[in-house]
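Q: I have a structure open and would like to go through a few parts of it. Can we start with the terms?

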Amino acid sequence: MIVNYQKNGWEVITQRAHGLLAAQLAANWRTKDRPARWIEFLVAVADHDDAQTELQRDDLLTPQGGPLDYKMRAFDLDHARRTLEFAGSKSRYIALLCSLHLHFIAGERSGQNEAVRHYLDVQKKQRTIWRRHLQMSEEVSERDYRLLEWCDALSLLICQHDDQPALRAVEISEG
C-alpha cells in the first residue's frame, strides 16, 4: 500500500487503487500511439500489481504501529509468482507486460537473492516464448512496457503527492 504520512495520521492508498489510476491515465493516451492490443494493455496497467491484496496480509504495520508503505518492503517472490499466475490466466500479453514490470521492480535488488535472480532468469526465457506465441518483437514489447511503466510512475507520483512547486517540470520515467 502507498502511505502518505500526515500531521494528523495517514492517507493509505491500496496498490489496486493505484493500478486503477494508472489505467485511467493510460485510457487517455493518444489513439494513434496506443499499443495494438489496447484492451489487454489497459487490463495489464490496471492489474500490474493485483496480487498485492494488502488488507489480507498480516504485516500491515511498522514496528511503531503505523501503516507499512510499499517502499518499506523487500521484493516478495510469492507476490511476484501470484501476479504472473493471475496475469497469465488472462492473456500471454498481460503476463508478458507484468513479467517485464517485475523485472523492472526486482532487477536492481536481484543480486542480493539467489532465488529472485533465478526467478528473473526463468522469466526472461518465458518472455521469449510469450513473444514468439504473440508474434511480437522484443522492441514492440519493450515499447508497450515503457508506456505501462510511465503510467505506473505517474500514478505513483500523484498518489504520493510528489509534485513540484512553482510549476517546475517533473520527470516521470524514461518511458
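A: Start with accessibility: a residue is buried under 20% relative accessible area, exposed over 50%, and partly exposed in between, using a 1.4 Å probe and protein chains only. This is a predicted model, in which local features need pLDDT of at least 70 and side-chain atom pairs count only at pLDDT 80 or more, while totals for chains, interfaces and linings use all residues. Residues are numbered from 1 along each chain as its sequence is written, and side-chain values use heavy atoms, with hydrogens and water left out.

Q: OK. Which residues are buried in α5?

A: V116, Y119, L120, Q123, R127, W130, R131 and L134. Helices here are DSSP runs of H or I with at least four residues, numbered from the N terminus.

Q: Where do they fall, seen down the axis of α5?

A: Within an arc of 110°, so the buried residues line one face of the helix. The arc is taken from the directions from the helix axis to the C-beta atoms. An α-helix has 3.6 residues a turn, so residues three or four places apart point the same way.

Q: What do they pack against?

A: The buried residues of α5 pack against α3 (77-88), α4 (92-106) and α6 (138-159). Contact means heavy atoms within 4.5 Å.

Q: And which residues are exposed on the other side of α5?

A: E114, H118, K124, K125 and R132.

Q: What follows α5?

A: Q135, whose phi is positive, near 55°.

Q: New topic. How many salt bridges are there in the whole structure?

A: A search finds seven. A salt bridge is a side-chain nitrogen of Lys or Arg within 4 Å of a carboxyl oxygen of Asp or Glu. In one of them, D33 meets R30 at 2.4 Å, N to O. R30 is exposed at 51% relative accessible area, and D33 is partly exposed at 32%.

Q: What about K90 and D47?

A: Their side chains also meet in a salt bridge, at 2.2 Å, N to O. K90 is in the loop between α3 and α4 and D47 is in helix α2 (residues 38-47), so the pair ties together parts 43 residues apart in sequence.

Q: Is D47 buried or exposed?

A: D47 is buried, with a relative accessible area of 18%. K90 is partly exposed at 43%.

Technical notes: Helix = DSSP H or I, 4+ residues; strand = E, 2+ residues; numbered from the N terminus.
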